[in-house]
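Let's take a walk through this structure together, one piece at a time. Have a look at the model first, and then we'll start with the ligand.

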Amino acid sequence: MKKNLFDLTGKVALVTGAGGLLGPKHSEALIEYGAKVIVTDWHEDRAIAKAQSLNETYGEGSAYPLHMNVTDKSSIDKVIDIIYNEFGLRVDILINNAAKDPKVKKGEGNLKPDSRFEGMTMDYWNEGIDAALNGTFLVTQAVTNKMLEYGTEGVVLNISSDLGVIAPDQRLYRKEGVPEDEQNVKPITYSAAKWAIIGMTKYLGVYFAKKNIRVNALSPTGVYNNHPEDFVKKLSNIIPMGRMADINEYKGAIVFLCSDASSYMTGENVVIDDGCVLDAKGSDNEGIRIGDGVFIGRNTILNCKNGDIFLGNNVNISSNCMIFSASEVHIGNDYLMAAYSYLVGGTHHADDPTIPVLHQKRSSRGIRLESGGWLGAHVTVFDGVHIGKNAVIGAGSVVHRNIPDYAIAAGNPVTIVNKRKGEKNS
Ligand SMILES: NC(=O)c1ccc[n+]([C@@H]2O[C@H](COP(=O)([O-])OP(=O)(O)OC[C@H]3O[C@@H](n4cnc5c(N)ncnc54)[C@H](O)[C@@H]3O)[C@@H](O)[C@H]2O)c1
């Protein structure tokens, strides 16, 4: 019989902060693949309500609610004692999900000006990082000690955030007509805790590598939860898929990371946000326009300062490319750009040897890549270059001059080595 790599039958999972928005969804995913879930939250009523609803849907005994404050060691020890000694179960999967996550909501919301860095109090700071950072430490320590004691295999999954990988774009939280020092911001505590969780994940992944305990992180991006319309619009604009995540869209990743399907994976952070940074810098900049069906690979940076970056329909940009624009970078339709390509839309002047280059004039003529072309991996294209339609540039080339339509060019400095047959047909 074919083994189901995602099967969680007989496994017991402990989910923290499971009385909120996503915790019940993580629980659902695990139960659907056969696990039983201990649903914990410091709001006991929420844990009970969520477990009840899970039992109604999936059958009695699918979920057990327990009160647990992840920042209180005695509360954690009590839960561990109940699971191991009263229930006679043991924990195979731990999801560290609890966090203080100040959110934009319709009406007031719980993002407040006191979340601003300038006046943040020590109490706010401590409270902000407590559940995510200290809670992840305490619960992981308690659970992995039990796994080691019983010699059982285990999985720890830490829920970080896209804001554990990139900085929050505070423009998302701005309100028109509100003075600067009263604007709401996503607090530094959230970033600090979420970045730290990824560090802990990497540390523990290696620490337990030979002990059959895998530790990974999942970093979701914003989940739609009836947010105010203007916020949804602003956030959707900077997400390549053009929308926030649906609440069910992390379930697949949860099952993958908690099951044998990811058995050779530890210390990793799975980012579900496409991982690219779009940064339209500057006060007078309205740049970066992206056409339909554009694919932008992970860790790509599109950075725009006083210029425009335009990507036509069906452009495919592989991972780790960087596109910088000081005037215009125009990439036509159906363009294929391999990994690590670099488009430098701007240049420094070095005319005066007595002045540091950094302090001399900058200028930019822009870059234009016409439709249908292909840049191989590690291609660098300099400012002012025009690459004609359907041209192919070999891997590692440095393109300092214009390339005509249908040309095949390669090298550093680039030379035209051939012409594509398509030219005859065109
Ligand atoms: N919702 C999103 O868009 C989103 C995006 C990225 C990451 N995340 C992360 O996913 C996780 C879940 O997010 P959510 O939207 O469900 O948050 P949520 O605020 O709805 O739920 C968090 C839960 O944690 C509980 N909690 C807080 N402090 C606790 C403590 N000390 N002990 C025990 N429980 C405690 C709360 O009672 C709440 O039920 C969080 O770690 C969050 O940072 C969420």
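Sorted by class, the shell around the ligand holds 12 nonpolar, 12 polar and 4 charged residues. Keep in mind as you look that this is a predicted model. In total, 28 residues surround the ligand, and the closest are Gly17, Gly20, Leu21, Leu22 and Ala99. Which helix gives the largest share of that shell? That would be α4, with 3 residues.

So let's follow α4 to its partner. Helix α4 covers residues 122-150, and it packs with helix α5, residues 188-207, at an angle of about 15°, their axes 8 Å apart. Angles under 35 degrees count as roughly parallel, so α4 and α5 are roughly parallel to each other. Their crossing is right-handed. On the α4 side, the contact is made by Trp125, Gly128, Ile129, Ala132, Leu133, Thr136 and Thr140. From α5, the residues taking part include Tyr190, Lys194, Ile197, Met200 and Leu204. By class, this contact of α4 with α5 has 11 nonpolar, 4 polar and 1 charged residues.

Now for another helix pair. Helix α1 (residues 23-32) packs with helix α2 (residues 44-58) at about 30°, and their axes are 11 Å apart. That angle is why α1 and α2 are also described as roughly parallel to each other. Here α1 passes α2 in a right-handed crossing. Where they meet, you'll find Pro24, Ser27, Glu28 and Ile31 in α1 and Lys50, Leu54 and Tyr58 in α2. The contact of α1 with α2 divides into 4 nonpolar, 1 polar and 2 charged residues.

Notes. Residues are numbered from 1 along each chain as its sequence is written. This is a predicted model: local features need pLDDT of at least 70, side-chain atom pairs count only at pLDDT 80 or more; totals for chains, interfaces and linings use all residues. Axes are lines fitted to C-alpha atoms, for helices over the stretch in contact, and angles run from 0 to 180 degrees between N-to-C directions. Helices (H or I, at least four residues) and strands (E, at least two) are DSSP runs, numbered from the N terminus. Angles under 35 degrees count as roughly parallel, over 145 as roughly antiparallel, 65 to 115 as roughly perpendicular and the rest as oblique. A crossing is left-handed if the near helix is turned anticlockwise from the far one by less than a right angle, and right-handed if clockwise. Two residues are in contact if their C-beta atoms, placed from the backbone, lie within 7 Å. Ala, Val, Leu, Ile, Met, Phe, Trp, Tyr, Cys and Pro count as nonpolar, Asp, Glu, Lys and Arg as charged, and the others, Gly among them, as polar. A residue is near a molecule or strand if its C-beta atom, placed from the backbone, lies within 6 Å of it.
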